[in-house]
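Reader: I have a model open here and want to go through it. Can you walk me through the salt bridges, then the annotated sites and a pocket?

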Amino acid sequence: MYGPQPEERFPLAAIDISKVEPRFLRQQVAYPTSEPPGTIVVDTHNRFLYLVQDGGMALRYGIGVGKAGLEFQGEARVGRKAEWPRWTPTSDMVAREPERYGPLAGGMEPGIRNPLGPRALYLFQGNRDTLFRIHGTTEAWSIGKAVSSGCIRLFNPDIIDLYSRVPTDTRVVVLQSEPPMDGPLGAPMSAITNAGQPLSM
């Protein structure tokens with residue numbers, strides 16, 4: 001799942017996941033919820049994003065949560081999707097670190113150094129852009145952690161996978177107050193299938 005992706009517009013190298021906690025790798029888990037299949041649920045506290053599926057299951061992705069990701073709670077929708085998006089730092093970021101972000105105030109072209117990575121989902125409430133994003137990252141080490149900037153970041157292969165599964169207008173629920181988890185939530189499908197093998201993603 002995390003190997004090289006040479007077919008991308010900007011070819012992506014493999015990700016070293018040797019130091020990543022296994023629970024933050026993409027996997028199918030049991031996830032009882034009242035949310036209908038197709039809903040994205042973002043659990044910022046426990047650093048997970050769920051794509052709800054049928055039968056009490058979900059695809060679970062590990063996430064990194066930036067400052068902006070802790071400032072939004074509630075419901076939204078995917079108002080726009082972008083492959084290899086441009087990125088523009090906020091005015092607050094430019095004011096806070098003018099030497100770093102000042103030269104980028106006009107925006108940064110797509111590419112492997114772009115902080116949004118290869119895909120971005122832009123969340124809206126009605127027709128209003130919430131400025132909340134679900135996107136890739138240039139800092140794979142940040143998955144599972146709280147980070148200084150950004151919204152909700154996924155491993156680049158994971159945001160590519162999620163992007164391919166959700167259409168525009170997908171419902172998104174962002175939770176900020178879930179109880180902490182000491183270990184993984186739910187049982188990976190490999191633990192409950194008869195064959196004992198993980199399902200392909």
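Author: Arg26, Asp158, Asp161 and Arg165 are linked in a network of salt bridges, a salt bridge being a side-chain nitrogen of Lys or Arg within 4 Å of a carboxyl oxygen of Asp or Glu. This is a predicted model: local features need pLDDT of at least 70, side-chain atom pairs count only at pLDDT 80 or more, and totals for chains, interfaces and linings use all residues. Residues are numbered from 1 along each chain as its sequence is written, and side-chain values use heavy atoms, with hydrogens and water left out.

Reader: How far apart are the closest N and O atoms of Asp158 and Arg26?

Author: They are 2.8 Å apart. Asp158 lies in helix α3 (residues 156-165) and Arg26 in the segment before β1 (27-30), so this pair ties together parts that are 132 residues apart in sequence. Helices (H or I, at least four residues) and strands (E, at least two) are DSSP runs, numbered from the N terminus.

Reader: Is Asp158 buried or exposed?

Author: Asp158 is buried, at 0% relative accessibility. Arg26 is buried too, at 8%. The cut-offs are under 20% relative accessible area for buried, over 50% for exposed, and partly exposed in between (1.4 Å probe, protein chains only).

Reader: How many salt bridges does the count come to?

Author: The count comes to 13. One of them joins Arg133 and Asp129 at 2.8 Å, N to O; Arg133 is buried at 15%, while Asp129 is partly exposed at 27%.

Reader: Switching topic. Which residues does the UniProt "active site" annotation cover?

Author: The unreviewed UniProt entry puts it on His135 and Cys151. They are spread over 17 residues of sequence but cluster in space, with a largest C-alpha distance of 7.9 Å. UniProt positions are in the numbering used here, feature names are shortened, and annotations may be inferred rather than shown by experiment.

Reader: Where is His135 found?

Author: His135 is in strand β8 (residues 128-135) and is buried at 4% relative accessibility. Cys151 sits in the loop between β8 and β9 (152-153), buried at 7%.

Reader: Last one: how much space lies in the second largest pocket?

Author: About 240 Å³, where a volume is the space filled by probe spheres set on the grid points, joined across faces, edges and corners. On a 1 Å grid over the protein atoms alone, a pocket is an open set of points where a 1.4 Å probe fits, with protein on both sides within 12 Å along at least five of seven lines; lining residues have an atom within 4 Å of a point. This pocket has 15 lining residues, with Leu12, Ala13, Ile15, Thr137 and Asn156 nearest its centre.
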